[in-house]
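Hi,

Here is the structure I promised to pass on. Have a look at it first, and then read on for what turned up.

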Amino acid sequence: MEPQERFIMKKISKRREDMKKKIVQVEKSSTKEPVDIKIQQVTKQEVLPDEGLTFFIMGGEECSDFQGLNQTKDQRLKNDGYEKHAALSNLQNFMDMDDEKITEKVIFPDLLEITCSEYEDDQIRIEKEQEYIFVPSSSPVINRDKLPKNMIPRILEDEGFYIKKKPEAYKRTCNKMENRLLILEEGKCWFEESGEIISLPSPIKQSWNFRKLITVETLNPGLKTIYKKAIKSDIESCFRSKIEGQREMCQLDLNVSMLQFSHHPLFNQEQVLCSRLLQLYECFQNRQQQNIPHLLYEKLKALTKVASDNLKINQLTKKSLQDYNWQISNTKQLYDLEQKKNMSLLHSMLKTWKQIKVLRQRQGFISTPIKLQFQRLKMNIVDEQEELTKVSETETKSKGEDCKNGEKQEDLSYLTSQFEETEFERIKQPTLIPHLSLTAEVTNLYKCSLHEQRRRARVQKLKYFIKIFYNDKQVSCTSASPLQLDFKVMFQQIFNIQLINWPETIRLEVYEISKRTSILAKIYLPIPSNTALKSKAVLEQAEFSCDKLAVPACGEVGSNVPFLLDVTGKEELCLLTSGKLSYSLSWALDKNGIPLTPMSQSLSSVCHSMLRNVDARGVPGIPWLINTQKLFQWADEVRIDPNDPDYSDLMEFIMYTRHKGQAIPKYFRLEQLQEEFNFVSEEEIKKNKRFQLLQLRNAGQLDVSVLQQMPLYDREIPDLVFQEYESQIEKDIQISDVNSITSQRIHSINFMKKIRKLVMKKIVKVNKFNLSDVVTDYEEIVSASQLKHAICQLVERRRNLKPQRRERKKVAAQTIGDGDIHLLVRILRAYNIPSRKPALSRSPGHDYSFSNLSKIKDNIYVNIFDETVIEKHEDHCLKGCSGHSYIRKNWLGSVIFPFSALLQQPKISGTFQVNIPPLLLGYTWSKTYVSPKEDYNGQNLKECTFLNIFATIEPQISSVISNTESDKFTDEPDITLLQRAQIFRKDCEAIFPNRRIITTVFNDEGANILVTRYIRALNPPKQLLDLFLSDSNATLDIIARFVSLIPCLPDTLNENDGFDIWMSPEHCINLTIGNKEEHAILLCNYFLYFGKKAWVLLGTSTLEGQVAYVLTQETDEYLLWNPLTGQSHKQFDPFCPLQSADCLFDNENVWFNIQHNSTPMSVHFDNSRESSWKQLLPKNIQIQWMKSETAQPKEILYFDTNKSMVEDLKNRIERTLKCKLMEWRPKQPTRWNRQCTAILRQILPKLELGTGSLVSIEDESEFERLLQFYWVSGFPIQLPYTDLQSITNAVYQTGIHSSEFPQTEFALAVYIHAYPNNILSIWIYLASLVRHQ
Amino acid sequence: MAEVHVIGQIIGATGFSESSLFCKWGVHIGGAWKLLSGVREGQTQVDTPQLGSMAYWSHPIDLHFATKGLQGWPRLHLQVWSQDIFGRCQLSGYGFLHIPSSPGAHSLDCVTWRPLGGWREQLARAFVGGGPQLLHGDVVYCGADRYRLHTAAGGTVHLELALILRNFSRYGIEC
């Protein structure tokens, strides 16, 4: 279609051109009129059939008309379409006519009429339009017109009504509007009484029917949105910051108050003098405050008085008199000196003041308001003078009397007294008291010289600001404040610095803005002590100076440039810019009034502060402003400016909370009418057993085995279920009624638990889950060996009787149900059991018992008993009828190993030394002793019993494999070191997977640190050192004993999930609790104190599982110390329970044993050999790194244990044990033998320190007497004090109560040996006595 | 004493313009209610649908309440977040719904919205990510006058919750 169309248009335009040509022709030949007419006629005829053409032309004209009228576009488009349409319809005609047109071209001009375009004059048009359009004028309208007739405009605002601010509108617009409204008939109702247009909502109206302005202020703060950037959520870091936020919400408040220059380059000479005067005055005031002359004077007075008094009574010996004299003269001298100093100070002040005055006169203006006045004090002087003369009189008197005694001294003393008197005379001068005031009038600017004017102008141009650096990082910056004419810069700004790191430096940098900004001085502020709290803070002053060169220009003196003081003439000075900054720095208080100080570092408060931390931080996530009420109060009191941008956050918060509280006026009502609709009370819900049970189950505190399904009804739930839980709660609470030592123990245990829990939480939280932790790949079903085994089984011939060795399969602990685990303990044989004294002729029988292993923490006890059976024939019974036999078991000793040891290793087997109490009553060591298999070199084994034990768990339980990746979490700066340590550990584990290695542990704050940090020489208690001054070995032993008496925290395998959390040794001491490693570290640190070479040795022991020993290097051998028992073993001791020595560390390095054999006997402990010990750090690193070593305090302060508390505890233990013994023997009467008890009491104290001769002869003789009547068997038990329960358990273990002999009597003695820091060694002597028949 | 047990799951979300979505959810209960067991709030994994546009989370919800009154019936509030290719998270919708009050299985849809913010914020959101978030999240389930808040529609979160009510009839409440 389109190309065709275009074609047509082309044709038309062509024809038009043609026509134009014709027209021109016609016009040219216009003279030929007849022809013209003819043609016209012809055209007229032609027009009729050619309507289409005319229409077409007309259409075109119309179109242009439309355009001229500036019609809308779419209209035009429509028209265009129409035009096209028309053109198309005419197309046919055109074609038809083509021939004719060519022949009759001449006729065309008659078809067209050419006229000029129509034009209407603007003026006329406007006039026309005026009839229809109303344009209101913008001239102001008179009020009279707007209001009803005779009404005076009423302005409500003037009458005191509150009128809201009207929306703004241009005056012209308003006027126009008013004019328009006036024309309108009902327009007047738009005006209010004041004559203005109504532009505010009617205050009486309930609802507004207009759109409210949405501005930031009016938006409900609760609905406020905040633009948050899309940030990659780093879970780890977010946790960390959260934790740290919890840990140390510390805040320092720094108040930068004022800067006062004591010298400034823009000082003029007067000001230099002025500042000098000020300094002098300050000095004077300080002296005045100290008032040394007065003190000396008083002393003098007192001395002379005493001397004279004594003289009167004639009590003084010559020597003491001399002494007095000497003292008096000495004090006198000092007094004189002080007086002189005061005088000189006054003199110099006067001089300076005079200079100032001269200068002021000379320069003709005053530029400092300083003024000095002197006051004469006469009365005082006279008094003092009198006093002094009196004093001297007495002195001379004394001297005189003294002379009687010693004639030779006469002359001398007289002279001195004379001399003193003259001195007093000399001082007889009126004292001047200066008064400095800043009241002098400073000369006005225009009265000053040109120099001064310029100088002042320059002063005013200067501005100063201070940047605040915390730990060398810029924290904040004060606003720039101008220098005042008195060279003060007022800042008065308070900065709150919230801290995460321990403050090391707080630096202020003073900057000067003149034309350039330049640094003036750096001021380091001392970090306030923990007690410097905000409430107590007073302004302190920090001095600073700057050696910047400032060349003087006009009238000033400059800085660091020598200048001459005009007044003095000779004096050449070179002053540095200096000044003082007034500030206060203090710790802020939080809303509860708890100071936001960081954890105190001082030793004595470690325990307390930690406790506080635990308690305060036990509640996580306290929102920032919890006590809104207090906040409101404070806001009201302080009247903070709500518009101050500093407070905008606060105001917003207040507004928000107020807004929230609006619906709830005064009282707190969460849900209205809640009470009315409740169908049960709160208590009922609380009491509901089912709910309790559900909650317990949710908290994971319920043993799952108890109830598989929750019973639906309360009646189905036995009360028994809650008992365990409740008792646990009680245990936590019930610590009020105990000895302070006991409560300390309980506290520290709970505290440790809490700390561990917190640290664990922190570690675990931070420890991100890897994908592999969450998603596990399919398990490898068959290992090659298993497959082979299965195939072989098929092929194998059945030989039922052939014994086969089978690998013990490890079973995951989770898969084991009740009763699946068996503990196999086999006692193979025992050596050298003490034999009964030949009172009765029965050989000892052995009985082995091991006690409960319900919980994994328990120890397994192998107790050795001597069982006696006595056949008792009742007299009245028929002979042979019945023999009554009584069984009695005597406890001889025990071997203890923790259950965890069994879990850590597949089996326990070996010969172990039995803990035999040192003084077994009624038993002796056999003379013919059979030595155990192992060779033994040296040492008397006469008094040791050994037991050959084999123990294992069936089936073997695979312990939790702890391959925790804790490398991610590191707080400490030496991160590379830690990484190195981690890599080292992994390498070592790869070489010897069974050997223990610990390179990094978590400290009490959850930070990962190197183990070497724990090692540093620590002082043992002095009391212990004094005990054996000469015998160093004995001292070491007693220290090892001291450490072993610290209660040990039983650590189980799964408790820590493979994370080692070690407290520092001083915590260990302060809390009197520690785990194996902490014991070892403490012991090692003590040994280091003696200058010994000591290492902590990690390894495994057959008996105890994983252990930490201390290795010390003696002259020719190595000693292994077990910190838990305090025993030392030589390296080649066959009975050393240590099975494998895996890892050594001290304060410098960590070594891992890469020797083939790790049993202590075959290990070379020389760790410098790199072929046998792999070391963590190469030698060169050690040195740099050692310097930054500050993990522990240098000294531990020990306190003495409270004696009365110890006594109290002793009585308690004795009482409890007696009660318990009776309780355990419900059927027989329990009698107490006092005589025996008394003897035992005497023996016990000797046992603690006694090594060799245990029982003295006296005791022996007393015993002899006792033994005549009784068969006595008894033993002492020694144990560190943890709690009463453990003591009663230990006594119960011995089974002494189970004696069935009638008329058994018991004796019980308790002795507590107190070491410092509440560390106690408890001795219990138990004996049972049976009267000889 | 009445008990309400809510067991179900957050199935997924549809209609969000972003593709990698995850959902944070929480339960708000009145003072008369007590949570016996279960967790009050949680977060789903990030789901990037390969097929179709629905993000599936299948996040379990297991809550057990005891109540002494009807007021403050538990309500679920949701926040749908999207993660972009850089692993940055931004909010794409707040939603809220009451836990149904009749026992049985319910399949629920929760429509979501997000605050629009000013034009600058919208521009920033379109180009650099992030976006305006409510300063106080409780607006989502509190009836504060929200009429001045300008929001844009997010998608829909689908949930399936099964309810077990107990002992309500004892107090004269018919469920």
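First something to look for: which strands of chain A does helix α35 (residues 1284-1294) lie across? They are β36 and β38 (1319-1331) of chain A, and the helix runs at about 145° to β36(A). Please keep in mind that this is a predicted model.

Let me start with the sheet under discussion. β36 and β38 belong to an open sheet of 4 strands in chain A, ordered β35-β37-β38-β36, and the pairing in it is mixed. At the edges you will find β35 (1231-1232) and β36 (1270-1280) of chain A; each has a single partner strand, so one side of each is left without a neighbour in the sheet. For β35(A) that partner is β37 (residues 1304-1315) of chain A, and the two pair in the parallel sense over 2 bridges. If you want to find the spot, R1231(A) has E1305(A) in β37(A) as its bridge partner.

Back to helix α35(A), which also packs against another helix, α32 (residues 1203-1224) of chain A. Their axes are 10 Å apart and the angle is about 45°, so the two helices are oblique to each other. The crossing of α32(A) and α35(A) is right-handed. From α32(A), the residues in the contact are I1213(A), T1216(A), L1217(A), K1220(A) and W1224(A). They meet L1284(A), I1287(A), T1288(A), V1291(A) and Y1292(A) in α35(A). By type, the residues of this contact divide into 7 nonpolar, 2 polar and 1 charged.

Now to another part of chain A. There is an open sheet of 4 strands with antiparallel pairing, in the order β9-β3-β15-β12 (chain A). Its edges are β9 (488-499) and β12 (540-546) of chain A, each with a single partner strand, so one side of each is left without a neighbour in the sheet. On average, neighbouring strands here are turned by 25° against each other, direction ignored. β3(A) and β9(A) run antiparallel and are joined by 10 bridges, and Q260(A) has K488(A) in β9(A) as its bridge partner.

Strand β3 turns up again among the aromatic pairs. Searching the whole structure gives 17 of them over all chains. One of these, F261(A) with Y464(A), is tilted, at 5.1 Å centre to centre and 50° between the planes. F261(A) lies in β3 (residues 250-263) and Y464(A) in β6 (residues 463-470), both of chain A, so the pair ties together parts that are 203 residues apart in sequence.

Cheers

Definitions and conventions
Residues numbered from 1 in each chain as written. Chains lettered and ligands numbered in written order. Predicted model: local features only at pLDDT ≥ 70, side-chain atom pairs only at ≥ 80, totals over all residues. Heavy atoms only, no water. Pairing = 2+ DSSP bridges. Contact = heavy atoms within 4.5 Å. Axes fitted to C-alpha atoms, helices over the stretch in contact; angles between N-to-C directions. Parallel < 35°, antiparallel > 145°, perpendicular 65-115°, else oblique. Left-handed = near helix turned anticlockwise from the far one by under 90°. Nonpolar A, V, L, I, M, F, W, Y, C, P; charged D, E, K, R; others polar. Phe/Tyr/Trp six-rings, centres within 6.5 Å; stacked < 30°, edge-to-face > 60°.
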